Amino acid sequence: MMNFAARISPARFGGHALFAAEAGRDLRTTGAIAPSSSRLARALTGEIARSTGTALSILEVGAGTGALSRAIAARIGPDDTLTCVERNPRLAAYLRAEIGVDPALRARAERIVIHQADIVDLPVAEQYDVIVVGLPFANFTENETRAICGTLDGVLKPGGCITYFSYLGGAAVDRLAGDRHRRHRRGSARALAEFRAGFRQDRVKVWTNLPPAFAWTLTKPGAAQPDPHVDPGNPHTEPTTA
């Protein structure tokens, strides 16, 4: 008998059902049972709204069914470009189809490119101002996380930003999960902590997500970029929360 995941049709069931089906097929690489919430999407794409006076080159890694892609598309300026990378062929195919029908994506279709690929295998053709990551780092091994982080650092411009999420309640999940998951999560967390040490860091909590999450922003040393969380007239302004 054909399993539920194999019977899912994007046209019939839509992105949320397809995402849930792919999570049932392989939760380790999908990473959640639902796409990112609108609050988490806004927190992860806030850097794109900053005013630089120049066109932004944006990379989205782990695009899924496009929850973050739509939030990015809603924020990009007339000369900005978006490159989406999604490893899962079914999710990548769904997102390509959505560009033709989703209003937010269709309006910017000529500036959006989608690659069905693993980020560590994608040829480095350019560097990016902003990288938005939707990957489930807690499900990766330490070595996988280090390889991904090395790739991201290599394609990020000096002064550029990386945003990504991590779920709250990792310790509670560890108590329920097996030894393999605990090893993955702890090894990945160690690799991420070492990676973050080379960046300016900001983190906000997003409770309205399934599950609740932290939204991280890492700014690479180099060319100065304005901080969208700080009022220029008051440099002591606290970061905003989602």
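1. Basis. The model is predicted, so local features need pLDDT of at least 70 and side-chain atom pairs count only at pLDDT 80 or more, while totals for chains, interfaces and linings use all residues. Residues are numbered from 1 along each chain as its sequence is written, and side-chain values use heavy atoms, with hydrogens and water left out.

2. The sheet. Seven strands form an open sheet with mixed pairing, in the order S3-S2-S1-S4-S5-S7-S6. Strands and helices here are DSSP runs, numbered from the N terminus (E, at least two residues, for strands; H or I, at least four, for helices). Two strands pair if DSSP finds at least two bridges between them. Strand S3 (112-116) and strand S6 (200-206) are the edges; each has a single partner strand, so one side of each lacks a neighbour in the sheet. From one strand to the next the twist averages 15°.

3. The S6-S7 pair. S6 pairs with strand S7 (residues 213-219) in the antiparallel sense, over seven bridges. A hairpin of six residues joins S6 to S7. Valine 206 stands opposite alanine 213 in S7, and arginine 203 has tryptophan 216 of S7 as its bridge partner.

4. Helix H5 on the sheet. Helix H5 (residues 67-75) packs on the sheet and touches strand S1 (57-61), strand S2 (81-86) and strand S4 (128-133). Contact means heavy atoms within 4.5 Å. The direction of H5 makes about 165° with that of S1; axes are lines fitted to C-alpha atoms, for helices over the stretch in contact, and angles run from 0 to 180 degrees between N-to-C directions.

5. Helix H6. The buried residues of H6 (residues 89-99) are Leu91, Ala92, Tyr94, Leu95, Glu98 and Ile99. They cover an arc of only 160° around the axis, which puts them on the same side of H6. The arc is that of the directions from the helix axis to the C-beta atoms. Buried means under 20% relative accessible area, exposed over 50%, and partly exposed in between (1.4 Å probe, protein chains only).

6. Asparagine 88. This residue is in the loop between S2 and H6 and counts as buried at 13% relative accessibility. At the start of H6, a side-chain oxygen of asparagine 88 comes to within 2.8 Å of the backbone nitrogen of arginine 90. The asparagine 88 side chain also reaches the backbone nitrogen of leucine 91, at 3.1 Å.

7. The structure holds nine salt bridges, each a side-chain nitrogen of Lys or Arg within 4 Å of a carboxyl oxygen of Asp or Glu. One of them joins arginine 70 and aspartate 102, with the closest N and O atoms 3.0 Å apart. Arginine 70 lies in helix H5 and aspartate 102 in the loop between H6 and helix H7 (103-106), so the pair ties together parts 32 residues apart in sequence. Aspartate 102 is buried, at 14% relative accessible area. Aspartate 118 and arginine 87 form another, at 3.9 Å between the closest N and O atoms.

8. Helices H8 and H10. Glutamate 142 and arginine 190 meet in a salt bridge (2.6 Å, N to O). Glutamate 142 lies in helix H8 (residues 142-155) and arginine 190 in helix H10 (residues 179-196), so the pair ties together parts 48 residues apart in sequence. A network of salt bridges links Glu142, Arg146, Arg190 and Glu194.

Technical notes:
A polar contact is a pair of N or O atoms within 3.5 Å; within protein, one must be able to donate a hydrogen and the other to accept it, and residues adjacent in sequence count only if both atoms are side-chain atoms.
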